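Biologist: I am new to this structure and would like to learn how to read it. Could you take me through its features one at a time?

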Amino acid sequence: NRRWVLASRPEGAPVAGNFRLERGPVPEPGQGEVLLRTVWLSLDPYMRGRMSDAPSYAPPVQLGEPMPGGTVCRVVTSHHPDYQAGDWVLSYSGWQDYQLSDGSGLVGLGDNPSHPSWALGVLGMPGFTAYMGLLDIGQPKAGETLVVAAATGPVGATVGQIGKLKGCRVVGVAGGEEKCRYAVETLGFDQCLDHRAPDFAEQLAKACPQGIDIYYENVGGKVFDAVLPLLNTSARVPVCGLVSGYNATQLPPGPDRLALLMGTILKKRIRMQGFIIGQDYGHRIDEFRRDMIPWVQQGKIHYREMVIEGLEQAPQGLIDLLEGKNFGKVVVRVGAD
Ligand code: NDP
């Protein structure tokens, strides 16, 4: 059994030395337990937060403990009445080959799921995050302008496509020409802008001639700075993530813009709300499944994955994800089907 543990806490961007690969025997399931073998491991931006011991909504990973993560697994041996060898399950086994479970938290994926790994993306946590943040907090209405960054990742791509289904004008923000082209040509966004362009703020203003009614916040930083002056009266800002700052060790240089932010919120009566998907919306998962499964089956929502081969590559995969080197939802193929 191989597993990646947290060897040291990163200062700034994580580096290979923050992770350590350990090997041990495959554990034996006891009475009431199942032995799970990881087939797919999800890599997600929140993992950077768990590597740090700063206070957050979830406790940090302890040094020497396995890195956490959502997984799609197969049951190898079962001493549990609800599971049989061969079953596919959604689990939270972390960065390792094998894990024991007493069944709590496992979700069965049916006999023969056609795309098992999608349970980690568009049909799982990131898709659910996009759905609830946009529909419950963003409250999109036809004709409104929606801006979303990290536009080709699993959250942003889903947000923009749901926005189109609701009749919004959707402007994506992504890193690079290829991602922007994909957002328009495949995802159906009205426009997509490269946040690295020197005149990004002017381009955004031009792309949003009626201002911005919903800004789905995934990244923060310079993108938010460009969005702020364009927000309309009564705009909504679901605060989902701030990935541009996850590796930051201090506040960005420059003038204090808090008064500008607070003044804009006040004068334009803007509603900004943070949320943590599992904690705030776990009880509404059925609504999400009811809508999203048919949308995906009918081709109304497109989904792109980036597969990384082998558990050994997981640390580099996370390092790259935080720098925007991914294109689509990052999953690691840990074992064969
Ligand atoms: P993505 O696959 O979209 O990966 C993150 C992307 O962020 C990168 O690919 C990159 O895209 C973009 N990015 C990174 N650095 C910067 C930067 N400096 N400026 C602008 N963009 C940058 O991740 P997810 O779809 O999984 O997650 C998107 C967001 O949602 C994250 O902030 C995540 O933390 C948050 N989240 C929040 C949840 C919640 O419960 N609140 C649950 C799940 C996710 P590009 O190259 O296009 O810029």
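Predicted model: local features only at pLDDT ≥ 70, side-chain atom pairs only at ≥ 80, totals over all residues.

Biologist: Then let me try a loop. Between which elements is Ala-150 found?

Modeller: Ala-150 sits in the loop that lies between S8 and helix H3 (154-165). Its backbone deserves a look. Most residues other than glycine have a negative phi. Ala-150, which is not a glycine, has a positive phi, near 50°.

Biologist: Is Ala-150 buried or exposed?

Modeller: We count C-beta atoms within 10 Å, and 20 or more others make a residue buried. Ala-150 has 28, so it is buried. Now compare Arg-269, in the loop between helix H7 (258-267) and S13. Arg-269 also has a positive phi, near 50°. It has 10 other C-beta atoms within 10 Å, and therefore it is exposed.

Biologist: Now the strands. In what order do the six strands of the open sheet come?

Modeller: The order is S10-S9-S8-S11-S12-S13, with parallel pairing. On average, neighbouring strands are turned by 15° against each other, if direction is ignored.

Biologist: How many bridges join S8 to S9?

Modeller: Five bridges join these parallel strands, and Val-148 stands opposite Gly-172 in S9. Strand S8 (residues 145-149) also pairs with S11, in the parallel sense, over three bridges. There Val-147 stands opposite Tyr-215 in S11. Moving along, two bridges join strand S11 (residues 212-216) to strand S12 (residues 231-239), and these run parallel. Ile-212 has Leu-231 as its bridge partner in S12, while Ile-214 has Arg-236.

Biologist: Which way do the side chains of a strand point?

Modeller: In a regular strand they alternate between the two faces of the sheet. S9 shows this: Arg-169, Val-171 and Val-173 point one way, and Val-170, Gly-172 and Ala-174 the other. All of them are buried, so S9 is mostly covered, with six of its six residues buried. S11 has five of its five residues buried, so the rest of the structure largely encloses it.

Biologist: Which helices should I look for against the sheet?

Modeller: Start with H2, which lies across S11, S12 and S13 and runs at about 145° to S12. Helix H5 (residues 200-207) packs on the sheet as well, touching strand S9 (169-174) and S10. The direction of H5 makes about 170° with that of S10.

Biologist: What does Ala-149 touch, leaving aside its neighbours within four places in sequence?

Modeller: Ala-149 is found in strand S8, and its contacts are Gly-156, Val-173, His-195, Asn-218, Val-219 and Val-223. It has 31 C-beta neighbours inside 10 Å, so Ala-149 counts as buried. Ser-8 is 141 residues from Ala-149 in sequence, and the two are 31 Å apart in space, C-alpha to C-alpha.

Biologist: How should I read a nonpolar core?

Modeller: In soluble globular proteins, nonpolar side chains tend to be buried together. Here the largest nonpolar core has 86 residues, and Val-147, Ala-151, Tyr-215 and Val-227 touch the most other members. Helix H2 (residues 125-138) gives the most to this core, six residues. The core also draws at least three residues from each of domain 1 and domain 2. Tyr-215, apart from neighbours within four places in sequence, is in contact with Val-147, Val-227, Leu-231, Ala-235 and Val-237.

Biologist: What are the bounds of the two domains?

Modeller: The domain assignment gives domain 1 (2-116 + 304-333) and domain 2 (125-278). Their centres, taken over C-alpha atoms, are separated by 29 Å. At the contact, 14 residues of domain 1 meet 14 residues of domain 2. On the side of domain 1 that touches domain 2, five residues are nonpolar, five polar and four charged.

Conventions. Residues numbered from 1 in each chain as written. Core = buried A, V, L, I, M, F, W, Y, C linked by C-beta atoms within 7 Å. Buried ≥ 20, exposed ≤ 12 C-beta atoms within 10 Å, placed from the backbone. Helix = DSSP H or I, 4+ residues; strand = E, 2+ residues; numbered from the N terminus. Domains from an automatic or database assignment. Contact = placed C-beta atoms within 7 Å. Pairing = 2+ DSSP bridges. Axes fitted to C-alpha atoms, helices over the stretch in contact; angles between N-to-C directions. Nonpolar A, V, L, I, M, F, W, Y, C, P; charged D, E, K, R; others polar.
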